[in-house]
Amino acid sequence: MTAWWIDAILALFGSWLGFGFFFAARTRTQRRQARGGRDVVGLLVMWLGLLLALSALFVLWTSLAISFVLHQ
Amino acid sequence: MTFFVVCSIGSLLLWDYATLRVLWPGMQDFWALVQVPEKKPDELGPTPALYRGFLATQKARTTPNGETAALYYGWIEDHYRSGRSTTTRVLCRFGEDEDLFFQQGSRRFLFQLFHHGERIEVLKHTDPFEDLHRDRIGIDLGPLSSKEVSFGNLPEPLRQRCPRLERPRGTLFYKEMALRPDQEVIVLSCGQDRVFRSCPNAPALGFVAADSIDYVYRAYGNDVLNGLRGVLLGMAFSLGFLCSLLLKYSRSEADS
């Protein structure tokens with residue numbers, strides 16, 4: 001397979017980091033909204049974190065797709 | 001702060017570029033490559049196809065390791081310490097890959113896949129990220145053989161091929177890849193006047209693979225993926241830094 005385990009580690013790292021930021025920012029945004037405030041930075045971090053996590057999963061998906069094509 | 005914001009936006013743009021401009025055409029080429037049909041040499045034509053057979057020469061060739069080969073590549077590496085890491089440099093390179101025939105049964109065809117100025121890439125099987133770009137002729141002869149040699153006591157075949165070898169800074173290694181005449185090859189090629197030639201307008205220029213094409217296809221796949229892996233790593237670091245700065249800065253602002 002196309003070094004899929006390296007891509008799995010990369011995806012794990014990227015999605016851990018991305019989802020970590022996403023959930024940290026979401027918790028903070030929800031707290032601020034509960035107090036009646038707005039949290040623009042929290043929303044921005046949520047969006048960036050999600051983008052990072054999805055990009056990492058996209059790399060893994062591409063790697064697995066290539067491996068699948070080679071072994072079909 | 002501005003620097004990291006710029007870096008982060010830059011990495012996002014790089015990601016878009018990598019996915020839209022590099023990955024998508026790369027995946028299309030890769031898909032077209034794995035769909036290339038296998039044909040018999042009698043059907044050799046202008047469209048790319050896979051052919052199974054043997055490579056032969058008029059005169060037998062012997063490698064510096066003493067093996068009979070249809071074609072071979074060899075080089076001498078100098079491995080030396082440079083600071084805390086080990087650096088490798090190639091001191092001498094040679095090989096014999098001219099005047100080849102593609103043979104299947106009693107039929108013989110001139111084999112000129114990489115004899116008209118094409119750039120070749122010999123796959124070394126030493127790196128899980130080893131890649132092969134479509135505009136190069138890939139040559140996969142299996143894992144390479146490596147042995148330590150001494151500068152003062154260099155074997156005669158190596159001395160003949162590298163008469164002016166530079167004095168090494170570290171340890172010398174002789175590395176060799178060879179294709180035995182009885183080893184089956186799979187070739188991606190086009191044909192012109194019953195001669196095996198490269199395919200300039202195909203998903204790949206061509207390749208020669210001994211025994212199996214899996215590794216060559218993996219190398220083509222890595223060529224698509226390596227850019228994406230690098231961009232992802234860059235993005236992870238720059239976005240990670242930007243997000244932690246943003247969270248920290250806005251938190252301290254809210255606390256004050």
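In the predicted model, Cys92(B) and Cys162(B) form a disulfide, with their sulfur atoms 1.9 Å apart; the term denotes a pair of cysteine sulfur atoms within 2.5 Å. A disulfide is a covalent bond between the sulfur atoms of two cysteines. The torsion about the S-S bond of Cys92(B) and Cys162(B) is about -85°, and the disulfide is therefore left-handed. Cys92(B) lies in strand S5 (residues 85-96) of chain B, whereas Cys162(B) lies in the loop between helix H2 (156-161) and strand S11 (171-179) of chain B, so the pair ties together parts that are 70 residues apart in sequence. Here helices (H or I, at least four residues) and strands (E, at least two) are DSSP runs, numbered from the N terminus. Cys92(B) is buried at a relative accessible area of 11%, and Cys162(B) is buried at 4%. Buried means under 20% relative accessible area, exposed means over 50%, and partly exposed lies in between (1.4 Å probe, protein chains only).

The model is a predicted one, in which local features need pLDDT of at least 70 and side-chain atom pairs count only at pLDDT 80 or more, while totals for chains, interfaces and linings use all residues. Residues are numbered from 1 along each chain as its sequence is written, chains are lettered from A and ligands numbered from 1 in the order in which they are written, and side-chain values use heavy atoms, with hydrogens and water left out.

Over all chains, a search of the whole structure finds 2 disulfides. Besides the link described above, a disulfide joins Cys190(B) to Cys199(B), with an S to S distance of 2.2 Å. The link of Cys190(B) and Cys199(B) is right-handed, with 125° about the S-S bond. Both Cys190(B) and Cys199(B) are buried. When the bonded cysteines of chain B are numbered in sequence order, the pairing is 1-2, 3-4. A further cysteine, Cys243(B), is buried with a relative accessible area of 1%.

Helix H2 of chain B also holds Arg161(B), which counts as partly exposed at 28% relative accessibility. Leaving aside neighbours within four places in sequence, Arg161(B) is in contact with Thr62(B), Pro64(B), Tyr72(B), Cys92(B), Phe94(B) and Glu96(B); contact means heavy atoms within 4.5 Å. The side chains of Arg161(B) and Tyr72(B) are joined by a polar contact of 3.0 Å. A polar contact is a pair of N or O atoms within 3.5 Å; within protein, one must be able to donate a hydrogen and the other to accept it, and residues adjacent in sequence count only if both atoms are side-chain atoms.

Asp78(B) is placed in strand S4 (residues 71-82) of chain B and is buried, with a relative accessible area of 0%.

In total, 14 salt bridges are counted over all chains, a salt bridge being a side-chain nitrogen of Lys or Arg within 4 Å of a carboxyl oxygen of Asp or Glu. In chain A, Asp39(A) and Arg28(A) meet in one of 2.7 Å, N to O. Asp39(A) lies in the loop between H1 and H2 of chain A and Arg28(A) in helix H1, 11 residues apart. Both Asp39(A) and Arg28(A) are buried, and together with Arg32(A) they are linked in a network of salt bridges. In chain B, Arg61(B) forms a salt bridge with Glu96(B), the closest N and O atoms being 3.6 Å apart. Arg61(B) lies in strand S2 (residues 61-62) and Glu96(B) in strand S5, so the pair ties together parts 35 residues apart in sequence.

The contact between the chains takes 29 residues from chain A and 33 residues from chain B. Chain A and chain B bury about 2800 Å² between them, 84% of it on carbon and sulfur atoms; buried area is the accessible area (1.4 Å probe) that two parts lose on being put together, summed over both. Across this interface 1 salt bridge is found, in which the side chains of Arg229(B) and Asp7(A) meet at 2.6 Å, N to O.
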